[in-house]
Structure formats: C-alpha cells, structure tokens
Amino acid sequence: MTGWLGPEEWAAVALSLRVAFWATLCTLPLGILTAHALARWRFPGKHLLNGIVHLPLILPPVVTGYLLLMTFGTRAPVGAALQELGIFLAFRWTGAALAAGIMAFPLMVRAIRLSIEAVDPRLEQAAATLGAPRAWVWATITLPLILPGILAGAILAFAKAMGEFGATITFVSNIPGQTQTLPSAIYAFLQVPGGESAALRLVAVSVAVAMAALILSEVLARRIAARVGGA
Amino acid sequence: MTLSVRLHHAFAALTLDIAFDAPPGVTVLFGRSGSGKTSVADAVAGLLRPQSGRIAIGDRVLCDTQKGIWVPPHRRRLGYIFQQPRLFPHLSVRQNLTYGARFAPPDSPGPTLDAVVAMLGIEALLPRRPGALSGGEAARVAIGRALLSHPALILADEPLASLDAPRKAEILPYFEQLRDHSPVPVLYVSHSVTEVARLATTVVVLENGRVVRQGPADAVLADPQVTPLGAGEAGAMISATVRAHHDDGLSELSVGGLRLLVPRVSPAPGETLRLRIAAQDVMLATVRPEGVSALNIWPAVVTGIRLGEGPGALVQIEAGEARLLARITRRSVRALNLAEGTPVYAVLKAVSVARGGVPAR
C-alpha cells in the first residue's frame with residue numbers, strides 16, 4: 001500500500017482513519033445517551049437539546065469550524081483551560097477528531113434514536129415485572145434490540161467523519177502529516193499543478209473505504225437482525 | 001395471602017375508584033372493555049402509579065400514597081402474564097423462561113424449570129426463538145416465564161384474548177391447574193363469562209372504573225343485578241357431583257340432591273365439576289310441565305327479580321342449594337304472577353360443562 005501511495009498520501013489516509021475512529025468511538029456513548037434521552041425521557045429543554053444536536057447538520061461547516069476555533073482555540077477560554085490540563089485541540093489531529101465527531105453526531109443520534117423508538121417499551125415492562133432492575137433491563141433487553149441501530153449510527157458517523165472537510169480545515173487547518181485528512185489532502189493536491197494523479201489515488205481510497213464500511217455494516221446488521229428476530 | 005387493593009386514579013376518559021380484596025385462589029376482575037380492569041392490574045404490578053391508594057399482599061405493602069410507599073415493579077415479585085405474550089425476541093425460549101429466575105430470592109418457593117416445562121409441554125420449544133412460535137405456544141411460554149420468577153402473586157391480563165377458540169381451550173386448563181395446585185393467588189382480568197365460570201373462586205365486577213359487586217363466584221354470577229355484559233350473557237355457576245354414566249351417552253349428576261342429566265362428562269363417578277347454566281337456557285313454569293323434551297326439571301323458589309329496561313327480565317331462583325338465573329320476558333313475569341317466594345319449576349334446556357375440577361377452596 002505504501003508503495004502505491006506516496007508518504008504524504010499515506011499519512012493523510014492513516015490520519016483520516018485515526019480521526020474517524022476516535023471521533024466515532026468517543027461520541028458513541030454520548031450519542032446513545034442523547035438518543036435515549038430524546039426518545040424516552042421527558043424533560044424541560046428537550047426541544048432545545050434536539051435543536052443543538054441537529055445544529056451541525058444545518059449550519060455551514062465553516063461556521064461550525066469557526067465556532068470551534070472561538071471556543072477551543074489556543075487563546076479561547078475553554079481551549080486555554082484545556083491546555084493547562086495538557087489537552088491540545090486547535091491545529092492538532094485531536095481537534096480534527098473533535099470537529100469530525102461534532103459534525104457526525106446528529107447522524108449517529110438520529111439512527112440510534114430511531115432504533116430506540118422502535119423498541120416496544122412493553123418488553124422492558126415485562127422484564128421489570130420479572131424482577132430485573134432498570135440497568136439490567138437496559139443491558140439485556142434494550143441494548144441487544146437497538147444494536148443494529150447503534151451499528152448503523154456508528155458506521156454513518158465514521159463515514160461522515162472520514163469525509164468531514166469544512167469544519168476540520170477551519171478549525172485545525174491543513175498541515176500535512178498533522179491535520180491533513182483525506183479530503184483536505186485531495187483539496188490540496190488539486191490546488192497544485194500535476195497533483196491530479198495523487199488526488200485520484202486518494203479518491204480511489206475514499207471510495208474503497210466507503211464501500212467497505214457499507215458492506216461491513218450490511219453484513220453485521222444482517223447477522224444481528226437474525227439473532228434478534230430469531231426467524 | 002390476600003391481595004388488598006384500594007386505589008383512585010383519574011384518567012382523561014375514566015376515573016378509577018377501586019376497592020377489593022382478593023383471597024387465595026383465582027380472583028377474576030370481570031367487566032367489559034374500558035371498565036378499567038387492565039389499569040387495576042397495572043397498578044398492582046407497579047406499571048401505573050395511582051394518584052392515591054394502598055395496595056398490599058398480606059402485610060407486604062406495595063404502594064401507600066399516604067405514607068409515601070412505592071415499591072418499583074422489579075421488587076414486587078409478581079408474575080404478570082400479559083394480553084400479548086411479550087416474549088423477548090432476541091432470547092431463546094429457555095432464556096425467556098429463566099429470565100426472572102436470577103432475581104427470585106434463593107429460598108423462594110416455586111416450581112423448577114423442569115416442572116414448568118413438563119406441565120406446559122414446551123420441552124421441544126426450548127431452543128427456539130419466540131418468532132418461530134405459534135400463538136398458543138407463545139402463550140404457554142409466557143405463563144411459564146411468569147411462574148419461574150417465583151412470584152408471590154400472579155397477574156393475568158386477558159391472557160387468552162388474542163387466541164382463537166381452540167387455542168383458548170388449550171391454555172385454559174393450565175390456569176385451572178394453577179388455581180388447584182399452586183398456593184400463589186391469581187388475579188385474572190377477563191371479560192369472558194366462560195373464563196369466569198371456569199376459573200373464578202372470587203369475582204370482582206367492574207363497571208366504569210368502579211367495583212359494583214364482589215364475592216364468591218357462584219354468588220356473584222347468580223345475582224340478577226350483576227350483568228356487566230348484558231342480560232344475554234348472564235348465567236349461574238354451580239358445582240355438581242358425578243353420580244353415574246349411562247349407556248345412552250348421558251351422565252347423571254347431582255346438584256345438592258337434585259338430579260341433572262347432561263351429555264357425557266369425563267370425570268369419574270364421585271368427582272365434582274363446575275357447570276355453567278346460562279340464564280337464557282332456563283325456562284320457568286308455575287305448574288310441573290308434562291310432555292316436554294327437556295330432561296331436567298327442578299322445583300325451585302323465586303328469590304329475586306330484576307326487570308330490564310327492554311322487554312326482558314332476569315329471575316333468580318333457588319333449587320335445593322343451587323342458585324340459578326332465568327332470562328324471561330317482563331310479560332311472562334306478569335302473566336305467571338312471579339314474585340319473591342313464588343314456587344316454580346325450572347326447565348333447563350342446556351347445560352355447559354366447565355371441564356376440569358372445581359377449585360379446592
């Protein structure tokens with residue numbers, strides 16, 4: 001693979017995979033919790049939370065990136081406080097993961113929320129009458145039943161994170177080897193004369209990764225559906 | 001152990017105002033759809049939090065709004081058999097059956113998995129998924145799952161309502177077994193007279209969220225004032241002892257000394273069984289009828305009359321120790337000059353036999 005891709009191209013692919021992986025993994029617990037809250041709980045400010053969750057889907061990505069920079073930038077209050085703790089976000093790959101995670105969050109929450117809404121709460125009631133405490137009911141009834149939704153949400157989020165461009169380039173710029181993700185690299189190669197072939201190779205990688213993710217999710221979803229449906 | 005229920009809860013369309021006690025045996029909450037039966041069961045299970053009330057099993061208080069006591073559903077130790085089986089689709093039948101077992105206190109009395117599987121005849125289903133079960137099979141697994149959580153009380157909310165007639169006939173005997181062989185009290189929600197007649201030791205009649213009558217099944221069913229489903233469904237329930245089986249396909253029964261001939265029943269001579277005699281299958285005469293085809297004619301005394309709003313009337317009669325209901329017209333009540341204490345002859349046109357034994361209690 002390294003022979004086929006140049007070192008700079010390979011770095012972009014590896015960085016994108018790393019960014020998308022961590023973005024998905026770190027947002028997943030929060031995504032499940034948010035989806036559960038939106039699907040099942042009643043609380044004041046639910047509409048507001050729903051709006052905030054979906055905001056990155058509506059806002060221009062550049063705006064999201066700029067808001068991130070204003071919040072987590074080196075001179076911004078939150079960013080400065082995090083630096084005290086040794087957490088650096090702006091112009092680092094971690095910042096790219098944050099941007100990708102935020103941009104992918106609405107898609108993840110939507111998929112998981114739909115699957116939670118599809119679970120019959122009467123099954124959870126039945127489990128409770130059999131003596132199961134709430135956490136046990138969630139782990140043994142709810143979670144297995146929404147697993148396909150969680151998986152679909154994670155794959156969607158991963159794909160979105162792989163392709164995130166606007167917010168990423170605004171927040172962490174386009175530093176080769178550090179913050180240059182796959183889309184940023186394609187964009188950069190297209191800006192210089194003779195970069196088309198490198199860009200084309202990266203496009204091929206993008207397509208391959210997307211296809212692999214889709215096929216993987218399809219296979220896993222089918223396996224889980226068979227396990228859950230019992231047919 | 002007695003279940004005691006007092007509760008008040010206002011829904012948009014219905015206000016529940018309930019007070020009843022369920023002694024050991026099967027207590028049937030009886031009423032038409034929308035009378036609040038399921039809400040009462042949900043409150044007992046802890047799935048509905050009543051606005052005010054007190055629910056207790058023996059001296060174990062599950063809910064007391066005045067004292068602020070609220071035991072969550074999973075600590076109530078109730079086996080709830082729902083209208084739909086509500087089996088967990090991602091677990092095998094065996095896993096469904098044993099789901100509640102781990103939460104039962106180790107010393108709690110109750111049947112073993114093997115005993116339940118044998119009783120319900122579901123051995124072959126154990127490795128299957130609920131999706132691959134028929135309606136009757138799923139209903140049996142749901143019963144087994146509730147039993148195996150070793151509950152202190154069994155709740156059944158119209159567990160037969162979603163089944164067709166043959167499946168109902170298949171499942172009903174399991175509830176009769178529960179009633180006769182399990183020490184655990186059962187609260188059974190139903191709008192079916194057949195189920196009441198076959199299962200109930202105690203009946204609590206609900207109408208529009210209120211208890212209109214409660215008491216032993218035979219007394220409540222023979223009360224002409226209690227017709228939650230209309231007079232057309234009214235009918236008494238009596239116990240009879242088998243005397244003999246005759247060669248012509250009839251069985252001779254004794255009801256408190258009165259002879260009753262019915263198509264052949266399965267219990268052996270000496271055994272007892274429950275019978276249901278629908279009010280519309282009982283004719284009344286003031287003189288002993290001669291030359292009629294009906295085999296069973298009993299001397300009786302009128303003990304109560306309820307004139308309906310239409311042309312009909314329900315007459316309660318006492319024949320020996322048995323109380324029956326007869327559905328006749330108001331015109332006949334006048335023509336025969338019926339009143340409390342009038343001696344009559346009851347002509348029984350048909351008798352439906354509730355298979356299985358009478359409750360021991």
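The model is predicted, so local features need pLDDT of at least 70 and side-chain atom pairs count only at pLDDT 80 or more, while totals for chains, interfaces and linings use all residues. Residues are numbered from 1 along each chain as its sequence is written, and chains are lettered from A and ligands numbered from 1 in the order in which they are written.

Where the chains meet, 19 residues of chain A are in contact with 22 residues of chain B; contact means that the C-beta atoms of two residues, placed from the backbone, lie within 7 Å. On the side of chain A that touches chain B, α6 (121-129), α7 (134-163) and α10 (196-229) of chain A each supply at least two residues. Helices are DSSP runs of H or I with at least four residues, and are numbered from the N terminus. With seven residues, α6(A) gives the most to this side. By class, this side of chain A has 12 nonpolar, five polar and two charged residues. Here Ala, Val, Leu, Ile, Met, Phe, Trp, Tyr, Cys and Pro count as nonpolar, Asp, Glu, Lys and Arg as charged, and the others, Gly among them, as polar.

The largest nonpolar core has 165 residues, and B:Leu155, B:Leu324 and B:Ala346 touch the most other members. Such a core is a set of buried Ala, Val, Leu, Ile, Met, Phe, Trp, Tyr and Cys residues joined through C-beta atoms within 7 Å. A residue is buried if 20 or more other C-beta atoms, placed from the backbone, lie within 10 Å of its own. Helix α5 (residues 93-118) of chain A contributes the largest share of this core, 16 residues. Domain 1 (3-221) and domain 2 (235-354) of chain B both give residues to the core, so it lies between them. These bounds come from an automatic or database domain assignment. Beyond its neighbours within four places in sequence, B:Ala346 has contacts that include B:Trp298, B:Ile317 and B:Leu324.

In α5(A), 22 of the 26 residues are buried. A kink of about 40° lies at A:Ala104, shortly before A:Pro106; the bend is the angle between axes fitted to the seven residues ending at a residue and the seven starting there.

Within chain B, the C-alpha centres of domain 1 and domain 2 lie 33 Å apart. Six residues of domain 1 of chain B are in contact with eight residues of domain 2 of chain B. The side of domain 1 that touches domain 2 has four nonpolar, no polar and two charged residues.

Methods:
A residue is buried if 20 or more other C-beta atoms lie within 10 Å of its own, exposed if 12 or fewer, and partly exposed in between; C-beta atoms are placed from the backbone.
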